[in-house]
Structure formats: C-alpha cells, structure tokens
Amino acid sequence: LNAKNAVIYCDNSSDYGKGLAQYFEKTFTEKGGVILAKEGFVKDDRDFRATLTKIKSLNPDFIYVPGYYQEVAPLIKQARELGITVPIGGCDGWDSPDMVSVAGPEALNNTYFTNHYSSQDKDPKVVKFVEAFKAKYNKDPDAFAALGYDSVQIMVQGLKDAGEADPVKLKEALEKIKDFEGVTGKMSIDDQHNPVKAGVIIEFKDGKQVMNTRIQP
C-alpha cells in the first residue's frame, strides 16, 4: 500500500484491540512509518463521525482499526460516507458476513484484514480440508473452524509424542511442538506457549473476501 503514515482507531474496551494496536504501532514505526494519531472507541459504540472527521483532517495514508465487526462495520460505513477513501485495515475480528450486510460492499472496497487462513488458499492441505468441510456442512469453513480442527490435531500429536494420556507429559509434549503442519499453516510453539505461524491478508472486493497474500513469520 506504500503507506508512510497511519492513524490507529482502536477498540479500547478490549485487551484484544489494545494489544493489536500496540504491535501494529511497534512494527509500523520500526519500518519507518509515522503514527499521526491514536483514537479509541468502546464496545457497543455506533456513532463514529466526530472522531472520523478528526481523522480525515489528518489526511492519513492508512487507518488501522483493530476491533470486532459489530463496531467496525458501521465505522467503515460512516468513514466512506464522510469521504474517507484511504485503505482501512484490521484483524480477524472483522471475519463476519455482517461486515458486508452492515457496511455495504462498496464501502468495504480497499479494506484489508489479517486472518489465520483463507478458504481460497491453494495449499493442498487447505484444499482437502475445505472440500471435506463443505461436503459435510455445505458451506465454506471460516477461520474458527480451521483453528478448531488444528487444535484437535495438535492435541493428537501431543498425545502421540507423550506416549500416554498423562497431563504432565502431554503438557511437556505440546511445549515441544515444532513445524506442525496444520490447515492454518506450519507452526511451532514458542516459550510463551504461542503458536508461531503464518498469517493471511484478506481483501474485500465488492463484498467478497479475497485472499491477498500469505505472510510468513
């Protein structure tokens, strides 16, 4: 996107939103970007016009909105109504059909969000998972379905590595998981028990989610 500066408009009522804002600011500034302003909203807010008017006056290259779709959908709709045309980005909390039904397909053009995976990914493991899921449930699996599947598969791998269903041995085995090939990517468990894995950037195009790119850690 060639963004040189950005505004962060964050869900200040959740650790989720605040944590993402923190890491976005850290990474963006380390790469030479400038944060023009940091604004906030809270859960159940529905009128964002005053803050968006302030943001528009700053003329940012990009607006980062870490939060959930309930607030983000009307926020984006109002941003476009105010004439804000710059790209807007966010996180997996955007992953809902309500984004389109509330914001509208046109308003969502030029918006992007990070997610755990995309059902459009051509990786053979993803293709196989999507086909099996659609055959059983007659719909595309969302990120939560893929994460749930991977969670069970990692548990199975941990049990195999532990050799028995002993809680302590299972915990130790899970801590040592390396290069596990899941639907949501290859992952290893770090010292804080977080899975280190790839992320996917999803772009909205005329109301459809389109896989843009995969980012490796």
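Student: How should I read the contact between the side chains of Glu81 and Arg49, and what kind of interaction is it?

Tutor: Side chains of opposite charge can pair when their charged atoms come close. In this structure the side chains of Glu81 and Arg49 form a salt bridge, with 4.0 Å from N to O, the term being used for a side-chain nitrogen of Lys or Arg within 4 Å of a carboxyl oxygen of Asp or Glu. This pair links distant parts of the chain, since Glu81 belongs to helix 3 (residues 69-81) and Arg49 to helix 2 (residues 49-58), 32 residues apart. Helices here are DSSP runs of H or I with at least four residues, strands are runs of E with at least two, and both are numbered from the N terminus.

Student: Before we go on, what kind of model is this, and which pLDDT limits apply?

Tutor: It is a predicted model, in which local features need pLDDT of at least 70 and side-chain atom pairs count only at pLDDT 80 or more, whereas totals for chains, interfaces and linings use all residues. Residues are numbered from 1 along each chain as its sequence is written, and side-chain values use heavy atoms, with hydrogens and water left out.

Student: Which residue does Lys77 meet in a salt bridge, and where do the two lie?

Tutor: Lys77 meets Glu81, at 2.7 Å from N to O, and the two lie four residues apart in helix 3, about one turn of the helix. Lys77 is partly exposed, with a relative accessibility of 33%, where buried means under 20% relative accessible area, exposed over 50%, and partly exposed in between, for a 1.4 Å probe and protein chains only. Through shared partners, salt bridges join Asp47, Arg49, Lys77 and Glu81 into one network. Arg49, at 38% relative accessibility, is also partly exposed.

Student: How far apart are the closest N and O atoms of Lys18 and Asp15, and how many salt bridges does the rule give?

Tutor: Those atoms of Lys18 and Asp15 are 3.9 Å apart, which makes the pair a salt bridge, and the count comes to 14. Because Lys18 and Asp15 stand three residues apart in helix 1 (residues 15-30), about one helical turn separates them. Asp15 is exposed, with a relative accessible area of 65%, whereas Lys18 is partly exposed at 39%.

Student: How many disulfides does a search of the whole structure find?

Tutor: The search finds zero, a disulfide being a pair of cysteine sulfur atoms within 2.5 Å. Cys10 is in no disulfide, and its nearest cysteine sulfur, in Cys91, lies 9.0 Å away, so the sulfur of Cys91 is too far from that of Cys10 for a bond. Cys10 is buried at 3% relative accessible area, and Cys91 is likewise buried at 1%.

Student: What is the order of the strands in the open sheet of seven?

Tutor: The order is 2-1-3-4-5-9-10, with mixed pairing, where two strands pair if DSSP finds at least two bridges between them. Strand 2 (34-41) and strand 10 (208-215) are the edges, each pairing on one side only, and neighbouring strands are turned by 25 degrees against each other on average, direction ignored. Helix 1 packs on this sheet, touching strand 1 (5-11), strand 2 and strand 3 (62-64), and its direction makes about 170 degrees with that of strand 1. Contact means heavy atoms within 4.5 Å, and angles, from 0 to 180 degrees, are taken between N-to-C directions of axes fitted to C-alpha atoms, for helices over the stretch in contact. Strand 5 (residues 111-115) and strand 9 (residues 199-205) pair in the antiparallel sense over four bridges, and the partner of Asn115 in strand 9 is Val200.

Student: Which strands form the open sheet of three?

Tutor: That sheet has the order 6-7-8 with antiparallel pairing, and its edges are strand 6 (180-182) and strand 8 (195-196). Helix 7 (residues 143-162) packs on it, touching strand 6 and strand 7, with about 150 degrees between its direction and that of strand 6.

Student: Which residues touch the most other members of the largest nonpolar core?

Tutor: In soluble globular proteins, nonpolar side chains tend to be buried together. Here the largest core has 36 residues, of which Tyr9, Val65 and Trp94 touch the most other members; a nonpolar core is a set of buried Ala, Val, Leu, Ile, Met, Phe, Trp, Tyr and Cys residues joined through side-chain atoms within 4.5 Å. A second, separate core of eight residues includes Val126, Val130, Phe133 and Ala143.
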